[in-house]
Amino acid sequence: MNPFSQIPELTDAERAVADTLPIGADPDEAARVLGRVPLWFHTFALNAAHGLYTPGVARDHRYRMPFLPASFAGQRVLDVGTFDGFYAFLAEDRGAARVVAVDNEQYVAWVKARWGIELEGGEGFRAIAELLGSRVEYVRGDALALVDTGERFDAILCLGILHRVENPLGLLRALGGLLAPGGRLLVETYGVAVDGRVADGRIEVHPPSEVYRGDDYVYWGFGAGGLSALATHAGFSRVTIDATPTIDGHPRILATLERPGA
């Protein structure tokens, strides 16, 4: 089977998100970029006027957009699990003074298992960074490696990552330690169906490929209470459950986490 036949077609939903970061590249250069990356996760508007978008496999992230600040003016931002870097570049476009994008590139194995496509890792990020002339710093590795650098961030984005790590409590603790006073950790992850109840501390464990066919890397589903309790164990003093939407049959949960003294 041709692996590219399994990649879903671009829809208006993906274009709507991509259009929040219009790149406006020269059409010839945009076409070259499209051809140099074997698989795109994020959809980018390379040149919307000419209909040139990257064919991202991530589906309909419109529900995330109201969750993100309209401005990151002057802030230091960390994007955890950046993949092709859409949200890191968006933070830069919205005025962030410094953006660090980190990824351990676990997705290389995920892409090979799910689509049979070989990636080196980071090629989508590099291609877009060149088009934008971006100053976003890319770090290949685990976010835990940043703890000893002494750098602190005003905003940390952890979007679509928590359900894919073996130790979500450890990750939350580490990210909390990377926050500057008054900073916020924005978490979006896999949820629990019809569960916005903070009093119910539910966390589900998913067998391999149960959530997405051919995807063995979705381990957890977090209810509102489960995520809140986990954040409390990690040292956060305030947890705001912002939304618990269901997208294409999949429950999601979005929350803002704050540290003591914030």
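By a ring-centre criterion, 12 aromatic pairs are counted in this predicted model. Rings of Phe, Tyr and Trp (its six-membered ring) pair if their centres lie within 6.5 Å; planes under 30 degrees apart count as stacked, over 60 as edge-to-face and the rest as tilted. The rings of F44 and F86 have centres 5.7 Å apart and planes at 55°, so this pair is tilted. The pair joins distant parts of the chain, 42 residues apart. F44 sits in the loop between α2 and β1 (45–47), and F86 in helix α3. Helices (H or I, at least four residues) and strands (E, at least two) are DSSP runs, numbered from the N terminus. Both F44 and F86 are buried. Buried means under 20% relative accessible area, exposed over 50%, and partly exposed in between (1.4 Å probe, protein chains only).

W110 and W115 form an edge-to-face pair, 5.2 Å centre to centre with 85° between the planes. W110 counts as buried, at 7% relative accessibility. W115 is buried as well, with a relative accessible area of 7%. Ring pairs also link W40, F44, F86, Y87, F89, F125 and Y138 into a cluster.

Residues are numbered from 1 along each chain as its sequence is written. The model being predicted, local features need pLDDT of at least 70 and side-chain atom pairs count only at pLDDT 80 or more, while totals for chains, interfaces and linings use all residues; side-chain values use heavy atoms, with hydrogens and water left out.

The nonpolar cores come next. In soluble globular proteins, nonpolar side chains tend to be buried together. A nonpolar core is a set of buried Ala, Val, Leu, Ile, Met, Phe, Trp, Tyr and Cys residues joined through side-chain atoms within 4.5 Å. The largest such core has 37 residues. Within this core, F44, L46, V77, Y87, F89 and L157 touch the most other members. Two or more residues each come from α2 (27–36), α3, β4, α5 and β6 (153–159). Helix α3 gives the largest share of this core, six residues. L157 touches L68, F72, V77, L78, D79, V80, Y87 and L186, leaving aside residues up to four places away in sequence. Contact here means heavy atoms within 4.5 Å. Another core, of 30 residues, lies apart from the largest one and includes A143, I156, L162 and F236.

Helix α7 (residues 224–233) is largely enclosed by the rest of the structure, because seven of its 10 residues are buried. These are A224, G225, G226, L227, S228, L230 and A231. Their cover includes α6, β8 (203–205), β9 (220–222), β10 (238–243) and β12. Just after α7, G235 takes a positive phi of about 100°.

On a 1 Å grid over the protein atoms alone, a cavity is a set of points where a 1.4 Å probe fits but cannot get out. A pocket is an open set with protein on both sides within 12 Å along at least five of seven lines, and lining residues have an atom within 4 Å of a point. Grid points are joined across faces, edges and corners, and a volume is the space filled by probe spheres set on the points.

The largest pocket holds about 1300 Å³ of space. Its lining has 49 residues, with F41, W110, G160, H163 and R164 nearest the centre. At least two lining residues come from each of β3 (76–80), β4 (98–103), α4 (107–115), α6 (168–177) and β12 (250–258). Helix α4 gives the largest share, four residues. By class, the lining has 22 nonpolar, 14 polar and 13 charged residues. Ala, Val, Leu, Ile, Met, Phe, Trp, Tyr, Cys and Pro count as nonpolar, Asp, Glu, Lys and Arg as charged, and the others, Gly among them, as polar.

Two cavities of 30 Å³ or more are found in the whole structure. The largest cavity has about 100 Å³ of space. Residues lining this cavity include E14, F41, H42, R59, F86 and Y87. Helix α1 contributes the largest share of that lining, three residues. The second largest cavity has about 40 Å³ of space. V37, L39, F83, Y107 and F125 are among the residues that line the second largest cavity. Helix α5 (residues 123–132) gives the most to this lining, with three residues. The lining of the second largest cavity divides into six nonpolar, two polar and two charged residues.
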